[in-house]
Amino acid sequence: MSNLYYAALYKNKIIDLLLRSKNLIPLINPSENIYHHIFDYDFTDDSTAEQKTFIIVDTDIDTVKNNIYTDYNLYIYIFTAKELVQLTIDTSPTVDEVKNMGYFAGQNANRIDILCAIVDEILNGTDEMEGIGTVEPAPSGYITSYKPNKNYYGKCLKYHISNLNMSGDTNGNQ
């Protein structure tokens with residue numbers, strides 16, 4: 001199989017892992033199919049006018065050795081319409097529901113900060129992706145602002161994945 005086959009496979013594995021989170025879905029608050037909110041490519045442009053919350057999962061290959069990539073970067077873009085960023089007692093979910101999930105919220109909460117915390121918790125604590133390697137926050141640019149257009153605000157989480165082994169051994173043993 002080509003190296004790019006595995007890049008696509010791992011993006012989809014990560015999307016599936018995120019979709020299994022009981023806390024992630026209420027914060028995305030989909031009015032239709034959740035698959036209209038999570039993508040493996042950047043679909044946004046200046047014409048994205050709907051007030052929704054989105055997640056994009058993308059990768060780039062960092063290191064190639066012996067014609068096989070062993071290290072790559074994982075990017076999770078989490079963004080929402082600016083009007084949806086703040087969570088209050090009148091939003092869905094409410095501030096109290098966020099607190100009951102175990103996440104920080106004062107009188108108000110920030111939807112993007114909470115979604116970033118959930119994603120980080122999922123990716124830093126997973127052993128469910130056989131062969132994916134070691135997932136660690138990137139040493140530089142781990143969390144940056146992401147503003148796909150003037151109506152949306154979000155963050156990009158960057159992880160470095162090393163010790164990739166297409167045979168399924170996550171320790172790099174061949």
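Author: Pro 137 stands opposite Tyr 159, a residue of strand β8. This is a predicted model, and the pairing described here is read from that model.

Strand β8 itself spans residues 152-162, and nine of its eleven residues are buried, so the strand is mostly covered. As a general point, side chains in a regular strand alternate between the two faces of the sheet.

Next comes a loop. Thr 88 sits between β4 (86-87) and α3 (95-101). Is Thr 88 buried or exposed? Its relative accessibility is 18%, and because the limit for buried is under 20%, Thr 88 counts as buried. The side chain of Thr 88 comes to 3.1 Å from the backbone nitrogen of Asp 90. Leaving aside residues up to four places away in sequence, Thr 88 touches Pro 93, Thr 94, Val 95 and Asn 108.

The salt bridges remain. How many are there? The count is two. One of them joins Asp 58 and Lys 11, with 3.5 Å between the closest N and O atoms. This pair links distant parts of the chain: Asp 58 belongs to strand β2 (residues 53-65) and Lys 11 to helix α1 (residues 3-19), and the two are 47 residues apart. Asp 58 has a relative accessibility of 26% and therefore counts as partly exposed, whereas Lys 11, at 12%, is buried.

The other salt bridge is between Glu 32 and Lys 52, whose closest N and O atoms are 3.2 Å apart. Here too the pair links distant parts of the chain, 20 residues apart: Glu 32 lies in the loop between α2 (24-28) and β1 (38-39), and Lys 52 in the loop between β1 and β2. Glu 32 has a relative accessible area of 28% and is partly exposed. Lys 52 has a relative accessible area of 15%, so this residue is buried.

Technical notes
Residues numbered from 1 in each chain as written. Predicted model: local features only at pLDDT ≥ 70, side-chain atom pairs only at ≥ 80, totals over all residues. Heavy atoms only, no water. Buried < 20%, exposed > 50% of the residue type's maximum accessible area, 1.4 Å probe, protein only. Helix = DSSP H or I, 4+ residues; strand = E, 2+ residues; numbered from the N terminus. Pairing = 2+ DSSP bridges. Polar contact = N/O pair within 3.5 Å; in protein donor to acceptor, adjacent residues only side chain to side chain. Contact = heavy atoms within 4.5 Å. Salt bridge = Lys/Arg side-chain N within 4 Å of Asp/Glu carboxyl O.
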